[in-house]
Amino acid sequence: MFKYMLSSYKESENRSGVIKIYQQGAPSVLQYTKEVVPEPGPGQVQVRQAAIGLNFIDTYFRDGKFPVKSFPYTPGVEGAGTVEAVGPWVTDFKVGDRVGYHFIPGSYSEVRNVSTHQLITLPEDITFEQAAAILVKGFTARMLVRSIHQVSEGEVVLVHAAAGGVGSLVAKWAKSLGATVIGTVGSPKKRDNAIRNGADHVFLANCEGFANSVNEITKGKGVDVVYDGVGRDTFSQSVDLLHDGGKIVLYGSSSGQPEHINHASLRARDITLYTPALSAYITDYDSLQLYAADTFAAFHSGVFGDLSITKYPLSQVSQAHTDLESRLTTGLVILVP
Ligand SMILES: NC(=O)c1ccc[n+]([C@@H]2O[C@H](COP(=O)([O-])OP(=O)(O)OC[C@H]3O[C@@H](n4cnc5c(N)ncnc54)[C@H](OP(=O)(O)O)[C@@H]3O)[C@@H](O)[C@H]2O)c1
């Protein structure tokens, strides 16, 4: 009897907060519950998460745009925290290590087990909240301004959603590489955020006179590169604003997929269209370490300046999704368990 009480007491002690969905749909499908996390398996560590990155892609796994393997399903792909337990055969991490990761599904939880080959050791001077804010988004920005197109001094770069997560880091990084940055935002309230993110010129998305203004800024030439994470609402305008021979990087579709892409007309103007996915650039341990090193170096050298981080309690993740999808968030959003 006593033994039974002791074990059930221990079990309730060990239950940790987690978000589950039992079907895909509106933000209300995100349910906060508690569960017992099993011991870490071979090659795994158990991480007590201090911060969890919120990414637009999380909404796709929640609403059904992307499939999930089975239900119940825990969304989220990014987190940072402290190793609390080490599974068999783990030699590269120990209890107390500060770690983060950028794409391991199931991150909306207080405590979770992760395989060590996908873990990054966090520098001492990066807080968990900063790490959870810049792993996915910083790595994506690194891919965009260094791998897809190496931004260089004197270029004119157009960044859509320049007050958002990835957009804000792309604007900052492109600016630090010497580009003139033109940013778009969805509402006047976001204008100052985009300016703080390094945009030299900020316009309301699809505002009247935007094309003329870009024409003036570029002295009639058109922009060199467009970083478009918005998609349907911006794509055709993005193409129009490029000079012949320019590049359009369609890396996301927060407004939906572009309805039609006229490849013949892109070819006729020698415009190169890229549709990159981070998973194709971070494919193994070495590329992961490279992206982490470059992103942390950018952080340390002040490329990102003061990070604008908005926090929601993990238990209020459905409000966070609602705000992200309603274009109410700015900057980098994290969930705090
Ligand atoms: N290719 C990759 O590997 C990769 C990796 C990470 C992220 N992404 C993509 O990058 C994009 C940005 O991700 P994020 O997590 O940093 O999100 P985010 O930029 O913080 O949020 C999305 C932003 O898109 C803008 N937007 C325009 N039309 C919208 C609409 N109809 N509904 C919602 N938002 C709209 C909003 O900014 P305004 O109101 O200012 O317009 C909103 O703040 C997403 O499309 C994501 O899928 C791609």
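α2 passes α10 in a left-handed crossing; a crossing counts as left-handed if the near helix is turned anticlockwise from the far one by less than a right angle, and as right-handed if clockwise. The model is a predicted one, in which local features need pLDDT of at least 70 and side-chain atom pairs count only at pLDDT 80 or more, while totals for chains, interfaces and linings use all residues. Residues are numbered from 1 along each chain as its sequence is written.

The axes of α2 and α10 come within 10 Å and cross at roughly 110°. The two helices, α2 and α10, are therefore roughly perpendicular to each other. On the α2 side the contact involves F56, T59 and R62, which meet H321, L324 and E325 of α10. By class, this contact of α2 with α10 has 2 nonpolar, 2 polar and 2 charged residues.

The terms are used as follows. Helices (H or I, at least four residues) and strands (E, at least two) are DSSP runs, numbered from the N terminus. Axes are lines fitted to C-alpha atoms, for helices over the stretch in contact, and angles run from 0 to 180 degrees between N-to-C directions. Angles under 35 degrees count as roughly parallel, over 145 as roughly antiparallel, 65 to 115 as roughly perpendicular and the rest as oblique. Residues are in contact if their C-beta atoms, placed from the backbone, lie within 7 Å. Ala, Val, Leu, Ile, Met, Phe, Trp, Tyr, Cys and Pro count as nonpolar, Asp, Glu, Lys and Arg as charged, and the others, Gly among them, as polar.

Helix α3 (residues 128–148) packs against α9 (residues 285–300) at an angle of about 95°, with the axes 9 Å apart. That makes α3 roughly perpendicular to α9. I134, G138, F139, R142 and R146 of α3 make the contact with Y291, D294, T295, A298 and F299 of α9.

α3 also packs with α4, at an angle of about 50° and with the axes 9 Å apart. That makes α3 oblique to α4, and the crossing is right-handed. Here K137, G138, T140, A141, L144 and V145 in α3 meet G165, V166, L169, V170, W173 and A174 in α4.

The protein is divided into domain 1 (2–134 + 282–336) and domain 2 (153–275), with bounds that come from an automatic or database domain assignment. The C-alpha centres of domain 1 and domain 2 lie 31 Å apart. In the contact between them, 11 residues of domain 1 touch 13 residues of domain 2. The domain 1 side of this contact divides into 6 nonpolar, 4 polar and 1 charged.

Both domains take part in the ligand shell, each of domain 1 and domain 2 giving at least three residues. Of the 31 residues around the ligand, G164, G165, G186, G229 and G252 come nearest; a residue is near a molecule or strand if its C-beta atom, placed from the backbone, lies within 6 Å of it. The elements that give two or more residues to the shell are α2 (56–63), α3, α4 (165–176) and α10 (317–325). By class, the shell has 14 nonpolar, 12 polar and 5 charged residues.

Two backbone features lie in loops. The peptide bond from F71 to P72 is cis, with omega near -5°, and P72 is in the loop between α2 and β4 (79–86). A161, a residue other than glycine, has a positive phi near 50°; A161 lies in the loop between β8 (156–159) and α4.

Technical notes. Contact = placed C-beta atoms within 7 Å.
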